[in-house]
Amino acid sequence: MNRDESTETTETKRLWRSIDELENSIEYQHALHREFPVLASISEGIDRRDFLKVMGASLGLAGATVTLGACTRMPMRKIVPYVNQPEDLIPGNPIFYASTFVHRGLGTGILVETHENRPTKIEGNPDHPASLGSTDPWMQASVLSLYDPDRSKVVKHREDPSTWDEFFSVLRALPPSGKGVRILMESTTSPSEIDLLAKLKHGYPELKVYSFEAISNRNVREADRAAFGEDLSRIYRFDRAKVIVSLGDDFLSRSDARVRYARDFADQRRVRKGSPQRNLLYVAETYPSLAGAMAEERLRVRPSEFEALSAQILKGTHAGAHSAWLELVVQKLKAHAGESLVLCAEELPQELQRTVLEINSRLGNIGKTMEFIPSVYPKTDLVTEDLASLVSEMNSGQVQTLLILGGDPTYSAPADLEFREALKKVGTKAHLSAHFNDTSVFCDWHLPLSHGLESWGDARAFDGTASLIQPVIAPLYESKSVLELLAAIGGNFSTPAHDLISQYWNQYDKKINWEHSLNRGVIEGTQFKLKSGLELKPFEGAKSEAKGGDLELQFLPDSMIWDGKYADNPWLQEMPRPMTQICWDNIVAVSPKTAASLHLNNEDVVELSRKIGVVEHKIQGPVYLVPGHAEQSVTVHLGWGRTRGSAVSEGSGFDAYPLRTSSDLFRVDSIQLKKLDRQHAVAAVQTHFNMEGREIVRLESVEFSQTGKSRVPGAGGAEFEPTLLPEYLPAEVAAKTEAWAMSIDLNTCIGCKTCMLACQAENNIPVVGKQQVIRTREMHWIRVDHYFEGSIDDPKMYFQPVPCMQCERAPCELVCPTEATNHSDDGLNQMVYNRCVGTRYCSNNCPYKVRRFNFLAYTKSIRPSEKLQANPDVTIRSRGVMEKCTYCVQRIQSVRIEAEKEDRPIRDGEIKTACEAACPTQAIVFGNKGDPQSRIAKLREEPLAYSLLSELGTRPRTTYLARVIT
Amino acid sequence: MGQLFKPRHNSIARVSIVASVLGVLLIGAVAWTIRESPYNSAKGIALSQPIPFSHQHHAKELGIDCRYCHTSVEKAAYAGMPPTHTCMSCHSQIWTNAKLLKPVRDSYRDDVPIHWNQVYRLPDYVYFNHSIHVQKGVGCTSCHTGIDQMALTSKSRTFWMKDCLECHRHPEKYLRPKDQVFSLTWPSENTGLLLEEGKKRITEYNIPMHRLTNCMTCHR
């Protein structure tokens, strides 16, 4: 019955996940029908005799372990209480501290969960405007970076261990005028750092401060300054924009307020019965992005075509190439003047930024969907953002002392500047850095940098709101923060960082309640006032000539490791990239058609080269075919191919910076590509855990969202599918308790993978490494599947997060010989690790492929210092044990215990699973479906609601809301 | 060639059959005895401690409430071990020169914690929460039976899963009036009339019987 309806309302759309699948290649067929892809390493090249030998040996060992194991007594342990217990600390109960995560100088509020003063997990701070309680992948992963064993631990002077005091003698010897002293730092908005810099400039009149970010929004700000005549910062109002047009700008994953903007965007996109309105998004881009996947109409363009597009949009014309898309966009923009927003990639040239600003101005969007505040960055006479002028100063011998505070400019500076050569001409060079990286090698002094979770500081958010960074743990090593070092440069060697911050804020405003601000994480009343009455200078006309060559190149920051800054983080390394599902590697991305014309296949290594000056620069990397990529162009991601600093990042990917120059930060007009005669295997999880082409991602019309009926069995009148699976939960038991359920909205899921990282941090999920991923042994409890629909060249793209479905009639439980997986009364499909003997029958019988097996002792490979990150409320699993999503049962139990102690029912929304709490767009909702007033019960009744593979009769507790398409 | 087996071999065969069966049983019995013995469970074995702290003296004879030292028993999963400061709140006044208490004074002076040997240890995959048990009317001495009789602390139960399940299956045996939770004199197990009252308390205290034996109640 249900299925008949579905065929009436939904066109049958063929969704696919990889090119092999679409073409149904022999390799794909072969891979699909291998019953145990995870056994790849054992089943290849082993004959019967070897097998028997191994079996014999393992039986013998098993016998020995059983005998010995039974005789093992629990080892003696010590209890070590405090001498003086801190008043507010109760051992076993977590404490949350408000702090701030800083990315590219801008702050996002966080709450740090600590267990006995050991930070274990990051949540968003609901009071902070850039977070609103949500997080992004970097925030989630930052807690692991704190415990990175490869971090710099001591001051080094030319490779020899030294001390801070010895380094301070260098600072004491600085010339009083500051002549020849230069500071190179990363972007900052920290009010106290800016204040210290101003004081430094006052004390050392000839000192100069530069800042450098490899991926910078400088072009946007320069264009705004040229247009308005003053330094401004932008605020985009996605909550007001009904039509959004993006020219290569992935505002969902990389804008300065990505978490907040994703929330605002998704809030306008949520389709519910009775509220069908939603915003419209049009994206033109080269490499598919999160924004592109959400777009109504996505246009593939070469990187050189943005000028022409913007000029046409400005004029309101749609002649020539891409006329259909342009016509649509122009028409929609005209119809929504004043409530539309046009964006372009931040590295695109200033002229183009100006054109886009002009478009917004003519549409009347300025002051409505695009607002301006005074710049959150330091004044340009205080901090110069021009690395080129620093390099020319260095080359001309004007720099005697260079203090590099953070970053790795030797690795990431534009290739034409030859930063490394310039560095050799500087007298004394010191580098404050968390790792001993490429820049540290060429410096005289290497100074360990504190992690954000162990230092005092402050930062402004995109709207100017200042928030405090407070340490949640004492520095693990002899490290200092940028703030402390700036104070030391100014001659203040002894004031603790706490005093530096509190003094600054007390002098700034006597009314600041320090304790309150610290507690809340946000300093009230620091938000900048909106600029009004801004006058745009006359527009000089759009620059529209496109000069692209035969093969263009585009640079993008990596969606997980950014410009290389987060490359040391194993969680981020192993996170499948949203658009390719590849981890541990970057690729040379090309469209299938371009690849065919160049005779390239997946994993063929190619050499990309271009002349910079007189030198031929070359890089080598594996090709990967990306459906939806523009033709005649290739994309490479930055941040890979590190050679020093961390055991995690060394050897993964290739470095693309050698091709990037100051004038070509975003694109190279013409690039030479040569196919080399070798291959490089990449780990892509795209085809792992395939559900064999059943109706997985549902696409519905807006009409259906209003008039249709829920397809969740048992909700909205939908019938239960007949099933032979047993009932584990008698109705009389189920009625007595909560029925936990989860709903995932495919309309607002942007595919950012924050949920996967949050799950990894919360549930002690180990990293397995590239080779294990290639054998489909990744351990993530929730995965985000990526589906394509339509042609191989220009497909539509959808994301679908898949945690355990917590089936009411679970096929896995039926086949477990030891009852290691069974049902709880509140509907959780429980997994008891200590009963599991590792038959993996459950995983084979799971239609959703959400169970993960510890083929090796992955948790043993967690490095000692990283063990401090482990969540004490979740068991660490060992080898031979099956595991899977538990709906964060530890969170359920802790809330339940508190509720039972107070003798009250659990409130709706009181339990937040890790994925739900982290999700920037609130696409995931968890609750008790037994309570008809709960959010989850209502969501299951929505017309868009459906359950995955409901025809199997598994009655999943996890349900989805179908994606609405126009 | 004569007969290989003489008639007496019949007896040998019979004896060896019986002996092998008995042997297997004996091995089983020995293994079981070892498993159940204090050697394995450490039940009833007092560990050596840096200070021979007596619960008998402090809790029973002096009548100090459990919560004076185990402060977080109503708030957290762990009952909490007293910081040295708690010991010194009395012992800075009395027995100030006692030789036995030198480690306490040293700890306080040098700011070095006392390292106690752990008596009650649950496996890492068991998540026992003191606060909910105390709140639901399970008394201290229901698990820590006879703690008030112990000059040196030892386990009075094995603290194995069967001990947990015994109560999670039959909570009526252990539910007390809520004002008697910290009583040392209330019987550790309800019998007779008390058992009938215990049964009533299951509904009175909203004990979720259906949930008590879910795996994930204790294992996460």
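**View 1. Strand S2 of chain A pairs with strand S1 of chain B in this predicted model.** S2(A) and S1 (residues 116–117) of chain B run in the antiparallel sense and are joined over 2 bridges. Within this pair, Lys78(A) stands opposite Asn117(B) of S1(B). Strands of a sheet pair through backbone hydrogen bonds, and the pairing may be parallel or antiparallel.

**View 2. The side of chain A that touches chain B.** In the contact between the two chains, 37 residues of chain A meet 38 residues of chain B. Two elements of chain A, strand S2 (78–79) and helix H31 (889–901), each supply at least two residues of this side. H31(A) gives the most, with 6 residues. Sorted by class, the side of chain A that touches chain B holds 16 nonpolar, 12 polar and 9 charged residues.

**View 3. An open sheet of 4 strands in chain A.** The strands of chain A are arranged in the order S13-S12-S11-S14, and their pairing is parallel. Strand S13 (297–300) and strand S14 (340–344) of chain A each have a single partner strand, so they stand at the edges and one side of each lacks a neighbour in the sheet. On average, neighbouring strands of this sheet are turned by 10° against each other, direction ignored.

**View 4. Strands S11 and S12 of chain A, a parallel pair.** Strand S11 of chain A covers residues 243–247, and strand S12 of chain A covers residues 280–285. There are 5 bridges between S11 and S12 of chain A. One bridge links Val243(A) to its partner Leu280(A) in S12(A).

**View 5. Domain 1 and domain 3 of chain A.** The domain assignment divides chain A into domain 1 (232–374), domain 2 (552–684) and domain 3 (688–964). The centres of domain 1 and domain 3 of chain A, taken over C-alpha atoms, are separated by 34 Å. Their contact takes 17 residues from domain 1 of chain A and 20 residues from domain 3 of chain A.

**View 6. The side of domain 1 of chain A that touches domain 3 of chain A.** Three helices of chain A give two or more residues to this side: H10 (251–254), H11 (258–267) and H12 (290–294). The largest share, 4 residues, comes from H11(A). By class, the residues of this side of domain 1 of chain A divide into 10 nonpolar, 1 polar and 6 charged.

Key:
Residues are numbered from 1 along each chain as its sequence is written. Chains are lettered from A and ligands numbered from 1 in the order in which they are written. This is a predicted model: local features need pLDDT of at least 70, side-chain atom pairs count only at pLDDT 80 or more; totals for chains, interfaces and linings use all residues. Two strands pair if DSSP finds at least two bridges between them. Axes are lines fitted to C-alpha atoms, for helices over the stretch in contact, and angles run from 0 to 180 degrees between N-to-C directions. Domain bounds come from an automatic or database domain assignment. Two residues are in contact if their C-beta atoms, placed from the backbone, lie within 7 Å. Ala, Val, Leu, Ile, Met, Phe, Trp, Tyr, Cys and Pro count as nonpolar, Asp, Glu, Lys and Arg as charged, and the others, Gly among them, as polar.
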